[in-house]
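Have a look at the structure first, then read on.

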Amino acid sequence: MRKANFVAALLFLALTLYVVAVTFTFKKFKNVPIGPEFFPRWLALGLGICALVLLYQSVKHYDKREAPTLSLRDKGMQRLLIGVAVVIAYVFLWKSLGFLVMTPLLLFALMFLLEVRDYKVMILISLLTSVGIFLAFKLILGIEMPLGFLSGVMDF
């Protein structure tokens with residue numbers, strides 16, 4: 001596992017550098033204290049710190065155990081791949097359908113993949129979380145979220 005952790009740490013460090021560099025290309029807004037680069041940059045720095053810890057552990061502590069093999073027959077791996085596909089669909093449909101339509105659907109689908117089956121709780125969490133995030137970005141951070149086809153209906 002040492003080699004796998006070492007390679008993963010290097011890949012995550014490269015991803016960190018790439019994301020931090022890209023955040024410097026984001027548009028700056030006047031009168032906005034926290035710009036669109038704030039969260040991605042800090043998340044990338046957190047990833048970088050975790051990658052450095054993993055790199056240190058893989059160099060410092062030698063581990064002779066075999067890494068577990070991955071198989072597409074594994075139910076967990078299948079759910080992971082479906083989850084990645086759902087997130088990719090979310091990214092592509094986000095602007096056209098809007099945050100308030102796509103985010104509850106994403107959260108509901110991800111909870112379903114995690115085998116949560118209390119549908120009332122799933123619907124409630126999906127809707128309240130999406131509205132809460134939308135209002136936090138709109139009212140606290142002053143950042144507009146895409147509304148998609150609802151943009152003509154919801155003007156506030």
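This is a predicted model: local features need pLDDT of at least 70, side-chain atom pairs count only at pLDDT 80 or more; totals for chains, interfaces and linings use all residues.

A residue is called buried when its relative accessible area is under 20%, exposed when it's over 50%, and partly exposed in between (1.4 Å probe, protein chains only). Residues are numbered from 1 along each chain as its sequence is written, and side-chain values use heavy atoms, with hydrogens and water left out.

- The largest nonpolar core has 8 residues: Tyr90, Phe99, Met102, Leu106, Phe134, Met145, Leu147 and Leu150. Helix H4 (residues 99-113) supplies the largest share of this core, 3 residues.
- A nonpolar core here is a set of buried Ala, Val, Leu, Ile, Met, Phe, Trp, Tyr and Cys residues joined through side-chain atoms within 4.5 Å. Helices (H or I, at least four residues) are DSSP runs, numbered from the N terminus.
- Thr103 sits in helix H4. Setting aside residues up to four places away in sequence, Thr103 touches Tyr90, Trp94 and Ser130.
- Tyr90, with neighbours within four places left out, is in contact (heavy atoms within 4.5 Å) with Phe99, Met102, Thr103 and Leu106.

**The nonpolar patch**

- Phe6, Val7, Leu10, Leu11 and Val59 make a nonpolar surface patch of about 430 Å². Such a patch takes residues with over 30% relative accessible area and no salt bridge, with nonpolar side chains (Val, Leu, Ile, Met, Phe, Trp, Tyr) joined within 5 Å.
- Helix H1 (residues 2-23) gives the most to this patch, 4 residues. Leu11 belongs to helix H1, and it counts as exposed because its relative accessibility is 57%.

**Salt bridges**

- The count is 3 salt bridges, each being a side-chain nitrogen of Lys or Arg within 4 Å of a carboxyl oxygen of Asp or Glu.
- Glu115 pairs with Arg79, their closest N and O atoms 3.1 Å apart. Glu115 lies in the loop between H4 and helix H5 (119-140) and Arg79 in helix H3 (residues 75-97), so the pair ties together parts that are 36 residues apart in sequence.
- Glu37 and Lys28 form another, with closest N and O atoms 3.9 Å apart; Glu37 is buried at 13%, whereas Lys28 is exposed at 56%.
- Lys138 bridges to Glu144 at 2.8 Å between the closest N and O atoms; Lys138 is buried at 19% and Glu144 exposed at 55%.

Key. Patches are made of residues with over 30% relative accessible area and no salt bridge: like charges are joined within 9 Å, nonpolar side chains (Val, Leu, Ile, Met, Phe, Trp, Tyr) within 5 Å. Accessible areas come from the Shrake-Rupley method with a 1.4 Å probe; for residues, only the protein chains shown count as cover. Helices (H or I, at least four residues) and strands (E, at least two) are DSSP runs, numbered from the N terminus.
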